[in-house]
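Dear colleague,

I am handing over the structure below, and my notes on what was found in it follow directly after.

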Amino acid sequence: MSSGQSTLGRDKQPDRIAGMFDAIAPRYDLLNHLLSGGLDLRWRTKAVRSLALRGGETVLDLCTGTADLAVAAATASPGAAAVVGIDFAGQMLRLGQEKLARRGLASRVRLVQGDAMRIPLASASIDAATVAFGIRNVERPETAFADVFRVLRPGGHLAILEFSVPRAPGVRRAYLAYFRHVLPRVGSFISGHSSAYTYLPASVGSFPEPEQVMGSLAATGFSQISADSLSLGIVYLYSALKPDQR
């Protein structure tokens with residue numbers, strides 16, 4: 001295991017993290033859109049496009065939260081034939097289920113409570129997989145990578161969206177000032193949860209550099225791995241392929 005892999009998960013007890021997300025669930029979508037200036041919608045669209053869906057696939061959305069990326073995968077043109085969204089936070093899933101009902105997607109998107117490190121799906125049962133802004137919350141991300149690899153069919157695509165700290169000095173300073181001072185205050189005020197939006201910048205700051213994430217994916221067995229910088233390096237879109245062994 002590389003040194004990057006050994007630092008992928010720190011202080012991420014599943015029960016604690018799930019409880020935190022359940023507590024902020026009622027305001028979660030609003031704050032995502034507000035604090036990202038609406039860019040989160042664009043990032044998810046890019047992630048779905050990277051899967052190169054043809055319209056008949058079954059897609060796994062791991063760490064689905066309130067199912068925004070699952071909805072994007074199901075409503076893309078062409079979209080997935082079926083989506084399975086998995087998350088360990090029950091309240092987030094309940095709100096996601098209400099969203100699916102409002103949009104008439106309940107028959108195409110199934111939400112399941114489960115652990116990203118022990119995905120409750122059969123091996124080689126999924127055509128593509130996504131994780132949006134959730135892998136840094138997993139206690140052992142390399143274990144989640146391995147289980148995603150297991151459930152993907154050969155030739156299946158993986159797309160991961162995750163925050164990062166920009167490298168350009170001016171952008172980095174502005175970003176860190178926003179993350180450390182503005183985001184916690186706004187997030188705490190709107191969500192009513194004082195620690196959740198302090199946790200967010202801390203978790204981003206401790207998450208490995210893109211090169212380390214790519215190394216972990218390669219060590220798992222993925223190929224054709226890339227890390228594309230979005231929005232001046234605020235977010236990275238990681239793409240990978242499970243090799244077709246035929």
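Of the contacts in the protein (heavy atoms within 4.5 Å) with a separation of 6 or more, 75% are accounted for by residues 24 or more positions apart. The model is predicted, so to speak of local features pLDDT of at least 70 is needed and side-chain atom pairs count only at pLDDT 80 or more, while totals for chains, interfaces and linings use all residues. Residues are numbered from 1 along each chain as its sequence is written, and side-chain values use heavy atoms, with hydrogens and water left out.

The protein has nine helices and seven strands, taken as DSSP runs numbered from the N terminus (H or I of at least four residues for helices, E of at least two for strands). Of its 246 residues, 52% count as buried, that is, under 20% relative accessible area with a 1.4 Å probe and protein chains only.

A search of the whole structure gives six aromatic pairs, where rings of Phe, Tyr and Trp (its six-membered ring) pair if their centres lie within 6.5 Å, with planes under 30 degrees apart stacked, over 60 edge-to-face and the rest tilted. Trp43 and Phe163 form an edge-to-face pair, because their ring centres are 6.1 Å apart and their planes stand at 90 degrees. Since Trp43 belongs to helix H3 (residues 39-50) and Phe163 to strand S5 (residues 152-163), this pair ties together parts that are 120 residues apart in sequence. Trp43 is buried at 3% relative accessibility, and Phe163 is buried at 16%. Ring pairs also link Trp43, Phe133 and Phe163 into a cluster.

With kind regards

Terms used: Buried < 20%, exposed > 50% of the residue type's maximum accessible area, 1.4 Å probe, protein only.
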